[in-house]
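Please work through each task before reading its solution.

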Amino acid sequence: NFLYPAALLGAGYRNYKNKRIKNNYFSFDSEKELKTIVNNAIRYVPFYKNNYTAPVVSMEDFSHRIGFIDKATVMDHWGDFLLPNFPENKVVKTTTGGTSGKPLKLIIPKNRYIFELATMHSLWQNIGWHGQTRAVMRNHHLSKKQIFKINPVQKEIIFDGFRTTPEYYYRIYTVIKRYKIKYIHAYPSSACQFAHFLYQEKLNLDIAGFLCGSEGFLPEQQALIQQMLGLHVYHWYGHSEKLVLGGYCKNSDLIHIEPTYGYCELIDEQGKTVNTIGQTGEIVGTTLHNPYMPLIRYRTGDFAEYAGDYCPHCKRHLLLLKNICGHREKNKIYKKDGSYITTTALNLHSDLYTKINGMQYFQREKGKLLVKIIKGAGFTDDIANKYLMHFRKSFGDENKVEIQYVSQLDKLPNGKFQILISEL
């Protein structure tokens with residue numbers, strides 16, 4: 001009988017959401033916090049301590065003197081990015097999703113939910129969400145006898161994100177109707193597939209909209225849901241490194257980058273700031289909340305179009321982006337029956353990632369998937385079996401999965417890595 005999420009997540013969450021975000025809603029000057037995190041890193045964290053001798057004194061000094069890093073930089077010098085003797089009881093260890101090859105190990109604050117969930121929930125409020133039960137269609141596996149399972153704490157009705165048959169979609173539809181669920185939390189690709197089913201079967205859902213993140217959202221996907229079905233889509237952008245987070249406002253389909261969450265830059269190929277409307281640049285993020293493994297001027301590998309720094313609808317001064325894309329795109333893996341799952345849906349959010357040095361998907365015909373893996377330290381036959389079981393379960397028993405162990409992964413002619421190489 002509590003009001004989720006405020007009562008459950010505590011005073012820190014409430015203070016961040018109701019004070020920090022609200023008090024800085026229309027504009028936020030991040031200079032003081034940015035200089036604090038950067039200068040503490042220069043003072044204590046080996047990577048920055050070895051590369052910079054003087055503290056940052058201004059935003060201009062920051063942009064001119066502090067260089068960019070990327071995933072490869074962090075992986076090559078991983079230990080040097082950690083705060084020496086950081087308190088083990090105040091952090092958790094996790095990894096990125098592995099959408100660009102070998103996952104990156106991360107050390108993040110245990111209380112990250114304070115800034116992460118407070119910001120996310122503030123974004124969702126733009127579509128009217130205030131803690132109502134959500135239907136979830138993401139990366140969960142259920143037994144074949146289960147239609148759904150319930151997470152009572154977070155008020156979620158969770159469906160199997162890997163079953164995409166019309167029969168299962170109809171069951172999802174009936175459950176959503178029965179429990180009068182107003183919000184569907186899904187990957188954009190999952191939302192699009194389910195919406196396409198509803199359109200084909202001429203089924204109507206009385207919902208407030210889809211909450212979509214973790215993948216890019218193509219204009220044609222959004223058009224299918226909004227124009228054909230008349231359902232609203234709320235899309236946001238974020239990533240596992242927890243440096244940048246943003247989403248739509250109530251009356252605009254531009255991504256509003258939330259300034260209290262992290263410091264975001266958009267840069268061109270020469271590393272210069274992109275500030276011309278319509279120009280595309282790479283998204284670069286700097287933490288404001290993680291002193292234990294501070295990532296500063298981290299190139300995400302994602303690209304977006306600059307859309308301004310002021311929204312006339314919500315009257316906010318902040319970075320606006322559109323057409324976000326990157327290594328998360330072009331990730332459809334087709335099943336034998338013509339339906340598909342995405343590389344995001346195949347992600348392994350577990351310690352299995354620490355046993356490999358790289359992974360890549362190949363597909364030449366529907367229903368068949370080749371997974372190339374570079375073995376890492378501690379890779380055993382038991383680990384190999386777990387990988388095979390995971391992919392077979394995710395891809396479906398009617399499809400075929402082959403794992404091939406290699407010494408290196410394929411790259412595109414320009415030297416860039418692509419998680420999925422498909423000839424379909």
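**Exercise 1.** Are H7 and H8 roughly parallel or roughly perpendicular to each other?

*Solution.* The model is predicted, with local features requiring pLDDT of at least 70 and side-chain atom pairs pLDDT 80 or more, while totals for chains, interfaces and linings use all residues. Residues are numbered from 1 along each chain as its sequence is written, and side-chain values use heavy atoms, without hydrogens and water.

Step 1. Locate helix H7 at residues 166–178 and helix H8 at residues 188–201; helices (H or I, at least four residues) and strands (E, at least two) are DSSP runs numbered from the N terminus.

Step 2. The axes of H7 and H8 come within 10 Å and cross at roughly 90 degrees. Axes are lines fitted to C-alpha atoms, for helices over the stretch in contact, and angles run from 0 to 180 degrees between N-to-C directions.

Step 3. Angles under 35 degrees count as roughly parallel, over 145 as roughly antiparallel, 65 to 115 as roughly perpendicular and the rest as oblique. H7 and H8 are therefore roughly perpendicular.

Step 4. In contact (heavy atoms within 4.5 Å), the H7 residues include Tyr169, Tyr173 and Ile176, and those of H8 include Phe194, Phe197 and Leu198. By class, the contact of H7 with H8 has nine nonpolar, two polar and no charged residues. Ala, Val, Leu, Ile, Met, Phe, Trp, Tyr, Cys and Pro count as nonpolar, Asp, Glu, Lys and Arg as charged, and the others, Gly among them, as polar.

**Exercise 2.** Describe how H1 and H6 pack.

*Solution.* Step 1. Helix H1 (residues 6–23) and helix H6 (residues 113–124) pack at about 55 degrees, their axes 9 Å apart. H1 is therefore oblique to H6.

Step 1. Among the residues that meet are Leu9, Tyr13 and Lys17 in H1 and Phe115, Leu117 and His121 in H6. The contact of H1 with H6 has, by class, nine nonpolar, four polar and one charged residues.

**Exercise 3.** In what order do the four strands of the open sheet stand?

*Solution.* Step 1. The order is S19-S18-S17-S20, with mixed pairing; two strands pair if DSSP finds at least two bridges between them.

Step 1. S19 (400–405) and S20 (420–422) are at the edges with a single partner strand each, so one side of each lacks a neighbour in the sheet. From one strand to the next, the twist averages 20 degrees.

Step 2. S17 (residues 356–363) and S18 (residues 368–375) run antiparallel, joined by six bridges. Glycine 358 is opposite isoleucine 374 in S18.

Step 3. Helix H10 (residues 381–395) lies across S17, S18 and S19, at about 150 degrees to S19.
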